[in-house]
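Please read these comments with the model open beside you.

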Amino acid sequence: MKTIYKFNVTPSLPPKLKRLREIASNLWWCWNYDAIELFLRMDSNLWEKVGHNPVELLGKVSQQRLQLLSEDDAYLHSLNKVLTKFDKAMESGRKFPLEKTDEGLSIAYFSLEYGLHECLPIYSGGLGVLSGEHLKSSSDLGIPLVGMGLLYREGYFNQYLNPDGWQQETYPENDFHNMCINPVFDENGKHIEIEVEMPTEIIHARIWLIKVGKTKLFLLDTNIEKNSIDNREITAQLYGGDLEMRLKQEYVLGMGGINALAKLGIIPTVYHMNEGHSAFLGLKRIKILMQEHGLNFQEAKEACSCCNVFTTHTPVPAGIDKFSPALMDKYFWKYCEETDLSREEFLQLGRENPQDNTEPFSLAVLAIRLSDHYNGVSKLHGEVSRNMWQNIWKNIPQEEVPIQHVTNGIHNKSWVSHELASLFDRYLGPKWQNYPENEEIWSQIEQIPDAELWRTHERRRERLVSFIRKRRKNNLLERGASKNEIQRAEELLHPDILTIGFARRFATYKRATLLFRNIDRLISLMTDQKRPFQLIFAGKAHPQDNQGKGLIREIIHHIKNENFLRRVVFIENYDLNVARYMLQGVDVWLNNPRRPLEASGTSGMKASANGGLNLSILDGWWVEGYTPDVGWAIGHGEKYTDLEYQDEVESRELYNVLEKEIIPAFYERGNDGIPRKWTYMMKETFKNIAPFFNTNRMVNDYAQKFYLPSHRRWKSFKENNFKTARELTTWKNKVEEAWKNVNVFDVKNEMGGHELIVGNKLEVEVKISLGSLNPEDVKIQLLYGNINQEEELLSPAIKELAKVSSQDDNNNYIYKTKITCENSGSHGYAIRIIPSHPQLSHLHETGLIRWG
């Protein structure tokens, strides 16, 4: 075979344009329209052709055009304005406020995918977009955070549909040297590589860098000649390959990611696992702590967990990565030897029930067991997660399972249309861009005249229709379609009628076809001569999800109905660019999943950021966001066991809301043609949704709830060669050994069989045995409140009992407390003993409890 000698060619920019390359290589440009406009003005047609990739644009624009731009005073003036803004953002910008004791905070954020911009196709959907926007807001807020992930040669797939409407996939290769990605070089100019040790081989990975404003994202790439063909494929496709390939990807992300940070000289004090994909990082950190500080496994686990944060995005167990014991043996037998763990002890780390030898190894369970902080991504998802993972904290009331929530948000500047942003600048001032979480700024939205707001929105709807027509026409031309088909594409949709959008992953629980359940009623509503509406669909099904593909095909077949030909469209190859056009242009954003299977969802937030109104099941974020002033709810959060019946009930509700509320609100106009009720709801949406459902608020919540407490805990644990971790481990072992002898064996109260009246006090006396433990090792708690017919306490209050007698010969103690009867009805109380230590991260960290 002939030898290929590789070299890279970079564009030759005139001196006055040199810094364009610097802007192009930092994704700061993608949320600053003035910077985007610089590239658009270079060659608008080429900008579209290269998929909005400024690095590729600079390499393909002609030298003649570059020379002309370097002599264009207007262009140079715009460039200098952008450079001034860029330099200010990089050098100063917002600073995250830190107390002196919190100095040294450094966060490593791990995710399997990042959705930053369509020119970087290394994401599949919501999880990746959320990760990307976490990095963007970290940059905006000045939070010291770096990202870690994998760099996929093929990324996620491109979608096209065959004539029958069946999804097909292609996997174009990414050209990293023509993307907003830079290799990371050492002091000798050599591309930095790391080694990832597996039981029988070494995997090599190169480190690449994406600059996201002030935040750095490092990505690992195993497509290196010294690797075997199989191992080169580890970073070939996102979510590609079989289960073993998934494990290898997650092994490289977790284990390799820790190696990469060390190689780069980055020493995090907090590690954030965005989903369980990166949970192996905890195992790697434990091994390092054992080797470098002489800790045993349990001591290293305490030290590791104290600064690990785990975010789950999954509302059902089926969505969790699980591996067979045999597969885990194949990749971790050597790890067990190196850390002095038995096979059973290792496998227990990933099992809900450690005693079940048949249970597969769950990365989410591993992430929970190796973290001290855990959260869902909406208030409802927090509840769902506490229910889903309750078995890990057996005998603990579900509401006390220590999984919190941080509701997701969006990066406003990445989604608000340029036209609307200009309107905000005029009436709100520029601060809305840097302080989207500030409620006072959004309260000024009333200053915008209704007519001006509505005309701005109408222009975005017109642009959406124009975009769809052009895209459809280009698709047809590529396929050699007839002139009649191309002509029909130019007549798709109408720029002035009510437009409803639905775009997301085509999974069955999202029910993309619910609106088509009663075709006759849908046709009647859509084709009304005076008050019609139109539907725009987009989205991809996972390549292996034939049911999801079937939903797409069903919609395509419906579109062929002559009543829908110009009223319903499906946009192929959904990506962030398509999403922006849709979310900035639709009037209503439709979301009808089966509750509670939508962990959060963020597309509706993006529609709201552009004045779009949501029509949604009360699931995910909409449970917190919904009021009648900002959109519409389908149902009232009911639970169903009969899914067919659920679809029937909720589809009828959907039609009723459309017919009786949404359509009238849109078409009832004043003499000036403005729908006053609609613009009122748009303004209420800006005032109520925008200041909370944004990633600035979200990332700040992570910082206050998790990052700062974890950082402080890590600093405390590592002092004096991890003295605290060692002592806490010793104490936990003592408590676990003694717990079998801890009991409540006598509970008394002074009721004497009589009823109490409101205002009475009830004294409760408890006699307990602590075995070899001391009173300082435990808390004695009384839970009290109303009870239901099953004699379960409903949202009980908790009160600690006070010790009133010293131990007797059998190490027994008496505790007492009084509670006040504050309301009438059926009441009850319960007594429990739980371990207590000042270094526990939360009440139920040990998982031990004894009920009386």
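Predicted model: local features only at pLDDT ≥ 70, side-chain atom pairs only at ≥ 80, totals over all residues.

1. Helix α9 against helix α10. The axes of α9 and α10 lie 8 Å apart, and the packing angle is about 40°. The two helices are therefore oblique to each other. Their crossing is right-handed. On the α9 side the contact uses Leu247, Glu250, Tyr251, Gly254, Met255, Ile258 and Asn259. On the α10 side it uses Phe280, Leu281, Leu283, Lys284, Arg285 and Ile288. By class, that gives eight nonpolar, two polar and three charged residues.

2. Isoleucine 258. This residue sits in helix α9, which spans residues 243-263. Is isoleucine 258 buried or exposed? Its relative accessibility is 7%, so it counts as buried. Beyond its neighbours within four places in sequence, isoleucine 258 touches Phe110, Tyr271, Leu281, Lys284, Arg285 and Ile288. Among these, Leu281, Lys284, Arg285 and Ile288 also belong to the α10 side of the helix contact. Isoleucine 210, by comparison, is 48 residues away in sequence and 18 Å away in space, C-alpha to C-alpha.

3. Arginine 246. Helix α9 also holds arginine 246. This is a charged side chain, yet arginine 246 counts as buried, at 16% relative accessibility. Which residues does arginine 246 contact, leaving aside its neighbours within four places in sequence? They are Tyr239, His277, Asp321 and Phe323.

4. Helix α10 against helix α12. Helix α10 covers residues 280-293, and helix α12 covers residues 325-339. Their axes come within 10 Å and cross at roughly 25°. An angle under 35 degrees counts as roughly parallel, and α10 and α12 are therefore roughly parallel to each other. The crossing is left-handed. From α10, the contact draws on Phe280, Leu283, Lys284, Ile286, Lys287 and Met290. From α12, it draws on Met328, Phe332, Tyr335, Glu338 and Thr339. The tally is seven nonpolar, one polar and three charged residues.

5. Helix α22 against helix α27. Here the pair is residues 519-526 and residues 643-667. The axes come within 11 Å and cross at roughly 15°. That makes α22 roughly parallel to α27. This crossing, too, is left-handed. Arg521, Leu522 and Leu525 of α22 meet Arg652, Tyr655, Asn656, Glu659 and Ile663 of α27. The contact has four nonpolar, one polar and three charged residues.

6. Helix α7. This helix runs over residues 126-141 and has 16 residues. Its first and last C-alpha atoms are 22 Å apart, close to the 22 Å expected at 1.5 Å a residue. Of its 16 residues, 15 are buried, so α7 is largely enclosed by the rest of the structure. Glycine 142 follows the helix, with a positive phi near 75°.

7. Two loop residues deserve a look. Leucine 493 has a positive phi of about 60° although it is not a glycine. It lies in the loop between α21 (483-489) and β15 (498-503). Leucine 493 is buried, with a relative accessible area of 4%. Arginine 511 has a positive phi as well, near 50°. Where is arginine 511? It lies in the loop between β15 and α22. Arginine 511 is buried too, at a relative accessible area of 5%.

8. A cis peptide. Arginine 595 and proline 596 are joined by a cis peptide bond, with omega about 5°. Proline 596 belongs to the loop between β18 (588-591) and α25 (603-609).

9. Asparagine 387. This residue lies in helix α15, residues 379-388. Its relative accessible area is 47%, so asparagine 387 is partly exposed. Valine 401 is 14 residues from asparagine 387 in sequence, and their C-alpha atoms are 8.2 Å apart.

Terms used
Residues numbered from 1 in each chain as written. Heavy atoms only, no water. Axes fitted to C-alpha atoms, helices over the stretch in contact; angles between N-to-C directions. Helix = DSSP H or I, 4+ residues; strand = E, 2+ residues; numbered from the N terminus. Parallel < 35°, antiparallel > 145°, perpendicular 65-115°, else oblique. Left-handed = near helix turned anticlockwise from the far one by under 90°. Contact = heavy atoms within 4.5 Å. Expected span 1.5 Å × (residues − 1). Buried < 20%, exposed > 50% of the residue type's maximum accessible area, 1.4 Å probe, protein only.
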